[in-house]
Amino acid sequence: MFIGAIALFISSCLENKEAAYEIETNIGLLIEKMTIEEKVGQTCQITLDALLQKDENGLLTNPIKFDEEKLKEALTEYHIGSVLNVGWCTFSKEEWDYVNTTLRNAYSSGKIITPIIYGIDAIHGVNYTKGATLFPQEIGLAATWNPDLAEEFASITAYETRASGIPWNFSPVLDIARQPLWSRTFETLGEDPYLASELGASIIKGYQGDSLYIDDYHVAACMKHFVGYSGTNSGRDRTPAWIPEKYMQELYLPAFKKAVDQGALTVMVNSGTVNGVPGHANKRLLTDILKQEWSFKGFAVSDWEDFIMLHTVHKTDSTLKEAYISAFNAGVDMSMVPLAPQYKEYCEIMIDAVKEGRISMERLDDAVRRILRVKTLTKLFENQPDLKKYDKFGSEEFKLASRNAALESITLLKNDSILPLKGTEKVLIAGPTANNLIYLNGAWTHTWQGQDTSFNTVGCLTIKQAFERRLDKKMLFAQGAELYSDNFIEKSRLVDTQEYLKKLDQVEVVILCLGEMPSTEKPGDITSLNLNPEQLELARMAYNKNKKVVLVLTEGRPRVIRDIVDNASAIVQCYLPGDYGAEALVQLIYGEQNFSGKLPYTYPRYDGIIEFYDHERSVDRDNNGGFNAFNPQWEFGFGLSYSQIQYNNLQLSTPQLVGDSILNVTVEVTNMSTIACKEVVQLYLSDDYASTAPANKRLKRFVKISLEPNEKKIINFNLSTEDLVFIDAEGKERKENGKFTIKINSLVSSFDYKSGK
Ligand code: BGC
């Protein structure tokens, strides 16, 4: 019965049902043969560092080498099930081959009874493998509003991850960006649950492919970080979030639900607390909702040291043992312990807890079954593919895909008719982020924080170099200011100011590159969204000399730039566009390509106020009796292009929607210019009145279309009455009769809904 139910979940087609039945039977037979020690070991994940040789100073040897004793102890005495990471450098494919072949051999030679599953953070390409194709970070992918590009990014990343011998990727982040201070905003797909759900599902599809077994070109995905991690009140990483049930269901859960429906095989757990309950002890979310209600049959891995942190940080468990029992019984199946000797203590404590009955054998078997299921579906029990067959690794085709993603992502926020540049203007390239790849890539690039420049991809261009190539070096450069990290506090200082001022006098246009130091997690904590004063000062110096300034932003989160917006001639948001971002930027600035990126978040005008596009109406209320208070710098979904696009003739199939019928919405979109473009048609819905204060509007559908010069297209959307559902204060779904309004661009049309009862 149990096996049958799982087989049914894994696939509905007959052939797959039979395969799934066989998988579950084989796993059952293996579990029967396993000792408690072996089962507990399966749930233990350790970092690669814990297995490597160190020199007399405690540093890893170069080249890296496994420490045979440590390896033997971890694999055959503690039976660990998984290894993760590298975060301090970038390996060559050959080094990865050495790592994976060594771990693999332990299984194929019969020393261990199950293969090790290796996991890595390949979050914008395989960022820890030399020569891999680095894409825009997720926030940039979200700005493309293009699910096909998101899928393409993921399938190339999966290919290159497999080419590094690794079958499991800790990606995508499905956290919703509702706190712009949060250092991991760039790792998200933006502030909207629908956009994140659609793009998230495309990424999962690109990582895992479509078949029951993950083939040699795909990897198991890992949804992160379940759930509510991004909603931190303070803005600091891993600090409390307060999320009422209504918003948990409306904002934070949908992208995970959609990913589970898409077949995501693993999930990583939220390191913070939600409503006072640590993510790792939240049985309701992990077991009741994720595993039972949603039928998730993969496994949940903890985040870094988070079993331990229930005791040391969150203080919900007075001993390590209680902490491990809480996390495991809440539903976390694998513990990223991940250091030595802590992992040994973890295994020993867990074995005791099982023997004492504090963790039931049924629960342990469930976790092991889930882990072995993923190991089976990633074909780890079979011979591993020969890494030589991945001849498209780092290919021109992949680089082009990355550049295309950057082209569709980079967003034009302001243009006083200065762009596109003609190519004849005298140009100064300036600013702290102009001449290093680290500012295009951000954290999780070659190293954890992405600040070490020694691994930068050879042959990829910085912004300065891309302009140099385009202008045959006929341009000037002055950095003007530099960013630096002072013990992980981001700072900036002016440099060579006289040179900058002198060169300003020699040009008509300044491309001023501003942004952030790469950083993530706790090292990325900031106390204010304001861009550092020295960077603003560079803009002011150029304005004082009446120069035309194009502000180019490379930033992981939207930093407040209000004071330098009005005098800028153009503003371009690059997010973190990856290794080919500079080439894409130059093509866009000179009009060889058209802009089509749209903001995946509300860009704040002020440092203090935090608001989102789907706010309740009271947020609009100003102190003059009007409704104009909501006044971000730029709205969610905003982005200009070189074309003029007109929206006409918004039509609804009926003014009266009854029962469960479908509402058909059409709109005409016309490119009024002679420049081909891509446009994101965005459909928003407002519930005019509801028993719980309704959102101003909510994104319900979008599509990215291409328009030739003067071309008109009629776009069709279908809405079902499910789209009218909201969550009430008790967390219950409600669909209420009344008037609803559809908004597409500046067009508005309403209909009445009656349940028919
Ligand atoms: C991060 C995760 C990451 C893990 C492994 C943690 O600190 O929160 O997102 O997957 O490390 O590197």
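Predicted model: local features only at pLDDT ≥ 70, side-chain atom pairs only at ≥ 80, totals over all residues.
**Domain contact**

Residues are numbered from 1 along each chain as its sequence is written, and side-chain values use heavy atoms, with hydrogens and water left out.

I took the bounds from the domain assignment, which is automatic or from a database. It gives domain 1 (34–389), domain 2 (410–589) and domain 3 (643–754). The C-alpha centres of domain 1 and domain 2 are 34 Å apart. I then checked buried area (the accessible area, 1.4 Å probe, that two parts lose on being put together, summed over both). Domain 1 and domain 2 bury about 2,400 Å² between them, with 58% of it on carbon and sulfur atoms. Leu134, Leu181 and Phe186 supply 23% of the area that domain 1 buries against domain 2, more than any other three residues.

**Salt bridges**

My rule was a side-chain nitrogen of Lys or Arg within 4 Å of a carboxyl oxygen of Asp or Glu. The structure holds 55 salt bridges. Two of them cross the interface of domain 1 and domain 2. I also listed Asp525 with Arg236, whose closest N and O atoms are 3.9 Å apart.

For exposure I used relative accessible area: buried is under 20%, exposed over 50%, partly exposed in between (1.4 Å probe, protein chains only). Helices (H or I, at least four residues) and strands (E, at least two) are DSSP runs, numbered from the N terminus.

Glu468 pairs with Lys464 at 3.2 Å between the closest N and O atoms. They are four residues apart in helix α18 (residues 463–470), so about one helical turn separates them. Both Glu468 and Lys464 are buried.

Arg540 and Glu537 meet at 3.6 Å, N to O. They sit three residues apart in helix α20, again about one helical turn. Arg540 is partly exposed at 30%, and Glu537 is partly exposed at 30%.

Asp723 and Arg701 meet at 2.8 Å, N to O. This pair links distant parts of the chain, 22 residues apart: Asp723 is in the loop between β24 (712–719) and β25 (726–727), and Arg701 is in strand β23 (residues 698–707). Asp723 counts as buried because its relative accessibility is 12%. Arg701, at 19%, counts as buried too. I also traced one network, in which shared partners join Arg178, Lys246, Glu250, Asp614 and Arg698.

**Helix α19**

Which residues of α19 (residues 497–504) are buried? I found Tyr500, Lys503 and Leu504. Their directions from the helix axis to the C-beta atoms fall within an arc of 105 degrees, so they line one face of α19. Gln498 and Lys502 are exposed on the other side. The cover over the buried residues includes β12 (427–430), β13 (476–478), β16 (509–515) and α20 (533–544).

**Cores**

A nonpolar core is a set of buried Ala, Val, Leu, Ile, Met, Phe, Trp, Tyr and Cys residues joined through side-chain atoms within 4.5 Å. The largest has 176 residues; Tyr500 and Phe226 are among those with the most contacts inside it. Helix α14 (residues 342–355) gives the largest share of this core, eight residues. A second, separate core of 38 residues includes Leu407, Val427, Val509 and Ala584.

Terms used
Contact = heavy atoms within 4.5 Å.
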